[in-house]
Amino acid sequence: MAEGGAGTGARAAGERGAAAPAGEAFPAGGGDGRVRAGLRTYGLIAGMWIRSTMAYRASFVMTVGASFAVTGLDFVAIWLMFSRVDALGGWSLPEIAFLYGLCGVSFGLADLAIGSMERLGRRVRDGTLDTLLVRPAPVLAQLAADRFALRRVGRVAQGGLVLGYALAALDVGWTPLKVLLMPVTVVSGAAIFAAVFVAGAAFQFVAQDASEVQNAFTYGGATLLQYPPVVFGQEMVRGVTFVLPLAFVNWVPASYVLDRPYPLDLPGWTAFAAPPVAAGCCALAGLAWRAGLRSYRSTGS
Amino acid sequence: MDSGVDDEGFIRLDGVEKVFDVRKRTGFLRRERREVRAVDGLSFTVARGEMVGYIGPNGAGKSTTVKMLTGILTPSGGTLRVAGIDPARERTRLARRIGVVFGQRTTLWWDLPLIDSYRLAHRMYRIPDARYRENLDRCVALLDLGALLDVPVRQLSLGQRMRGDIAAALLHDPEVLYLDEPTIGLDVVSKARVRGFLRDLNAERGTTVLLTTHDLTDIEQLCSRVMVIDHGRLMYDGPLAGLHEAGESERTLVVDLERELPPIDAPAPARVVRVEGPRQWLAFPASASAADLVARVAAAYPLVDLSVREPDIEAVIGRMYAERAGA
């Protein structure tokens, strides 16, 4: 949920300047109150869905299992490929598994927390977004928590398992910095993906059929990151580094941990750039969301 | 609570406008832009505790007005206040004080049991426990929701869902209730139940109610005041009886005679407007008594059957609009 908080936080920070009176709604205090209201709303709605899911425990266990198995097949495909070749662009199977695991856990967390955002376009089309706007709670939080699907932990677990295999199989020269970098990378990566989800949803205010475009960036991006940067063209890698900075989810930090050359010959410190990059993404996504919602409220479509 | 909010102008609109930029695709990439004034200089006030019917043809600007009053849409011009609050700027603060029922779209959580929507409202609106219990019990009893609380919303019939929606809008004791077509598609029994409930709510709690509807009976039974909007402008504001006069609305008496006869020689101002075999249509002013006309026709002609048709709201407004354009 950390990344959900970051997203709403960025939005709240932006909104404070323009609509100061909005803070009055939450006497707890200013823009801070807005973040708290968002988190509280998220918790209430997600909790409601979890309780409802848990009413059918057997069904829940089965869907988590299915989600785990389906995402697992993904890695089986890579594993099968390595039964034919020893390395992919110079990366061994455990190294690829390391990339895959980092990306899988980050994306899984983002998808678990706010994957529901992609339904925004449909809500705009059928008019049910209006029902969220008449409640005393931030729309972003209501939308993100709607139909909170705990079964999506299956994807996180599968990514974690692959990451575990990689860590066991690899002979990493661990330093305190490398150890610290692991959780920082996972959280930052999740925040970057969350920002992409929010920005994609914001785009759906303008183009209501754009959920496929959003999927190209979220699911497509996650698939891309499962392979090492060397297998892609320079232009692609540049785009994924400087335009949509997905490279900071795993490519750059993994290069540091595995002592490999950086993509695009980036300087060494960029392995630690993920947190500020993630913060920047969330801020931009927050602004895009605010602009999208404002546009909806002026056009009603 | 808010100083400076007078009860007379509890809802206050002053020259409110809403202009949409409509883009129509005319070619692969070419688009035509057109400005649509959905609401065009609308001014009115509603006093605290009033129950007002807000009617007009489709596309007249009713929904746009309600969306601006709830803060969903930002007005393009003019000022608008509800309980002293500017809805567009302080949407979430206003949300605690208003209740909204959209006839076509439910505010309930579609796949979850009805009670879950209420429990969530309890927490989300921070309704004190005792108050929540009391309001829920009252709604469950009066709207007959007891057997429905554990049923997923998607399995409810339209009438059941509407009752569920009305209850959801009232748990936090809103001062204003907006109802958009609350009786659309309901059967006669459900309609009567919903109307009775709204009447009691207004009388006992003093809740201000703004009701948009196509059903004149809703207005007749509930509202002492009716506002008619067309092309984004207020065409009429006053009692329902006055609306019939202003629109020169007419009721229709349909009579089936024993056999084909020449047009009935009806007492003025009633007149035959259509003859089809043994069936004839007589138009007469909505304000006149039907009983008198029926008695006089029955005395002189061999009647088999008859029925009285109420004036159609669209027709009334249409006539009113034509008149104003001609003047």
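Q: UniProt annotations may be inferred rather than shown by experiment, and their positions are given here in the numbering of this model. With that in mind, which residues of chain A does the "transmembrane region" annotation cover?

A: The model is predicted. The unreviewed UniProt entry places "transmembrane region" on residues 58-82, 97-115, 156-174, 180-203, 236-257 and 269-289 of chain A. That comes from the record. The coordinates can be set beside it.

Q: How much helix and strand is there over residues 97-115 and 180-203 of chain A?

A: Residues 97-115 of chain A are 95% helix and 0% strand. The C-alpha atoms at the ends of that span are 24 Å apart. Residues 180-203 of chain A are 100% helix and 0% strand. Here the end C-alpha atoms lie 35 Å apart.

Q: What scores does the predictor give for chain A, chain B and the complex?

A: Start with the averages. Chain A has a mean pLDDT of 86, with 89% of the residues at 70 or above. Chain B averages 88, and 93% of its residues reach 70 or more. For the complex, the predictor gives an ipTM of 0.82 and a pTM of 0.82.

Q: Where does pLDDT stay under 50 in chain A?

A: Look at residues 1-29 of chain A, where pLDDT stays under 50. The model has 70 contacts beyond four places in sequence for this stretch. Among the elements of chain B, helix 10 (residues 313-326) has the lowest mean pLDDT, 66. Helix 3 of chain B has the highest, 97.

Q: How do I read a pair of packed helices, and at what angle do helix 9 and helix 10 of chain A cross?

A: Two packed helices are described by the angle between their axes and the distance between the axes. Take helix 9 (residues 176-206) and helix 10 (residues 211-224) of chain A: their axes come within 9 Å and cross at roughly 170°. Angles over 145 degrees count as roughly antiparallel. Helix 9 and helix 10 of chain A are therefore roughly antiparallel to each other.

Q: Which residues make that contact between helix 9 and helix 10 of chain A?

A: Helix 9 of chain A contributes A:Phe193, A:Val196, A:Phe197, A:Gly200, A:Phe203 and A:Gln204. Helix 10 of chain A contributes A:Ser211, A:Gln214, A:Phe217, A:Thr218 and A:Gly221. By class, the contact has five nonpolar, six polar and no charged residues.

Q: How many residues of chain B are in contact with chain A?

A: 23 residues of chain B are in contact with 23 residues of chain A. On the chain B side, the elements that give two or more residues are helix 1 (62-70), helix 2 (91-95), strand 5 (98-102) and helix 3 (114-124). By class, that side of chain B has ten nonpolar, four polar and nine charged residues.

Q: How do I read a sheet, and in what order do the three strands of the open sheet in chain B lie?

A: Strands of a sheet pair through backbone hydrogen bonds, either parallel or antiparallel. In chain B, three strands form an open sheet in the order 2-1-4, with antiparallel pairing. Strand 2 (31-46) and strand 4 (77-82) of chain B are the edges, and each pairs on one side only. Neighbouring strands are turned by 35° against each other on average, direction ignored.

Q: How many bridges join strand 1 of chain B to strand 2 and to strand 4?

A: Strand 1 and strand 2 of chain B are joined by 13 bridges. In that pairing, B:Lys18 stands opposite B:Val39. Strand 1 (residues 11-25) and strand 4 of chain B pair over five bridges. There, B:Asp14 stands opposite B:Thr79.

Q: What is the strand order in the four-stranded open sheet of chain B?

A: The order is 11-12-10-13, and the pairing is antiparallel. The edges are strand 11 (271-276) and strand 13 (303-309) of chain B. Neighbouring strands are turned by 20° on average, direction ignored. Strand 11 and strand 12 (residues 279-285) of chain B pair over five bridges. B:Val272 has B:Leu282 as its bridge partner. Helix 9 (residues 290-300) of chain B lies across strand 10 (250-257), strand 12 and strand 13, at about 25° to strand 10 of chain B.

Q: Which residue takes a positive phi in the hairpin of strand 8 and strand 9 of chain B?

A: B:His231 does, with a phi near 50°. The hairpin has two residues between the strands. Strand 8 (residues 225-230) and strand 9 (residues 233-238) of chain B pair in the antiparallel sense over five bridges. B:Asp230 and B:Arg233 are bridge partners.

Conventions. Residues are numbered from 1 along each chain as its sequence is written. Chains are lettered from A and ligands numbered from 1 in the order in which they are written. This is a predicted model: local features need pLDDT of at least 70, side-chain atom pairs count only at pLDDT 80 or more; totals for chains, interfaces and linings use all residues. Two strands pair if DSSP finds at least two bridges between them. Axes are lines fitted to C-alpha atoms, for helices over the stretch in contact, and angles run from 0 to 180 degrees between N-to-C directions. pLDDT is the predictor's confidence in each residue, from 0 to 100. Two residues are in contact if their C-beta atoms, placed from the backbone, lie within 7 Å. Ala, Val, Leu, Ile, Met, Phe, Trp, Tyr, Cys and Pro count as nonpolar, Asp, Glu, Lys and Arg as charged, and the others, Gly among them, as polar. Angles under 35 degrees count as roughly parallel, over 145 as roughly antiparallel, 65 to 115 as roughly perpendicular and the rest as oblique.
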